[in-house]
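This briefing presents one protein chain for a reader who is new to structural description. Please keep the sequence and the model in view while reading.

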Amino acid sequence: MALLLVSVMGTEVFTQQPEVVIRVRGADSMARRIDLLSQEYMKIHPDVRVVVSGGSKEAAGLQELMEKHSEVAMAGRQARNDELDAARSKGVKLVERFVGYGGVVIVTHPTNAVAELTVEQVKNILTGRTSDWEAVGGSKGPITVVTVGEPHGGTVAFLESTFLRGRSITKSAKRVERFPGIMRMVAQTPGSVGYVRVRDALESAVAQEVRVKLLPIKQDDATPGVIPSRQSVAGDSYPIKRPFFLYVDEAASADVKEFVDFIVRNRWGPQSL
C-alpha cells in the first residue's frame, strides 16, 4: 500500500494512502483464471486490491456493473442490445473487451468404439436426434447424454443458444451438479457422453482419478479431427469453443482500465479455461 506524505501543523508525517479496490463479478467459468491474473497484477500494483467473485450468470454480472456493485463484469457471451440499453438508462456505457476462448470437450466412456465426431454429430447427440452409437460409427447401443446443473449454467446457455442454435439438450439427459460429476458418471457408464471444460478434462483432480475418452472433433466430414488442448482451443483448429469478455463502464477510472488492459494483454495463456 502506498504512503502519502501529509503536513500537519508544520510537521511532516507519513500516512497510508487508501488502496484502490476493483470488484470483478460474473461468469464462474472465468473466475479462476481472472483471479490468478489478478494475483499477478497486485504484485506489481500493491496499492490495488482486486476482489474476484464468480458464481453468477452473465446477466447478473452485467447487472451488478450497471448498479455500481462492481467495476468489471465477466461474461461468457456478448451483451445483448437490451442490456446495452438498460445500462445506458442508468448512465453506464458498456465497453466490451475480448479476453479469449474456453473449449468445450466431449468425453465418453473409454470403451466407446467411436474414434471422433463431427460438429453436426455432436449437436445431434446432445439434442437427442441421434440416440444410438451405431449411427455415428460405433457399436450398436443407446447413447446416454450427461449434462451439468445450475452452477455451470453459462456453459449450458452457450451450448443451447449458440452451439445448438436455440435447441435444447435432450430431456432424457442425466443431470449432475458440476463438471467433476460428469467426468465420474461418464467414466462409470458405458455408452455415455458428456461435455466438460478443458481444465476439467486435462488438469483437474478428477481427471487424474477417473478414466474417460476425449473425442477429437471434426468441423465436417472433409476435415481432420482435432484433439482438444490448450493450443487447439487458443488457435483456430478446435471447433467447439466459447468466447469470453470483460465489460467495464466507459467512464471507469484509470486504475480499472489499466487492470483490464493487463488481463487482455496476458489473456488466458497456458492456464486458460
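The mean positions of the 35 positive and 32 negative charges of the chain are 5 Å apart. Lys and Arg count as positive and Asp and Glu as negative, while His and the chain ends are not counted; each charge is placed at NZ of Lys, CZ of Arg, CG of Asp or CD of Glu. The model is predicted, so local features need pLDDT of at least 70 and side-chain atom pairs count only at pLDDT 80 or more, whereas totals for chains, interfaces and linings use all residues. Residues are numbered from 1 along each chain as its sequence is written, and side-chain values use heavy atoms, with hydrogens and water left out.

**Overall form**
- The chain has 10 helices and 13 strands, which are DSSP runs numbered from the N terminus (helices: H or I, at least four residues; strands: E, at least two).
- The C-alpha trace spans about 90 × 40 × 35 Å along its principal axes.
- Of the 273 residues in the chain, 47% are buried (under 20% relative accessible area, 1.4 Å probe, protein chains only).

**Nonpolar cores**
- A nonpolar core is a set of buried Ala, Val, Leu, Ile, Met, Phe, Trp, Tyr and Cys residues joined through side-chain atoms within 4.5 Å.
- The largest has 43 residues, and F163, I182, Y195 and I217 have the most contacts inside it (contact: heavy atoms within 4.5 Å).
- Elements giving two or more residues to this core include β6 (94–108), α5 (153–163) and α6 (179–188); α6 gives the most, with 5 residues.
- Another core, of 25 residues, lies apart from this one and includes I22, V260, F262 and I263.

Conventions
Buried < 20%, exposed > 50% of the residue type's maximum accessible area, 1.4 Å probe, protein only.
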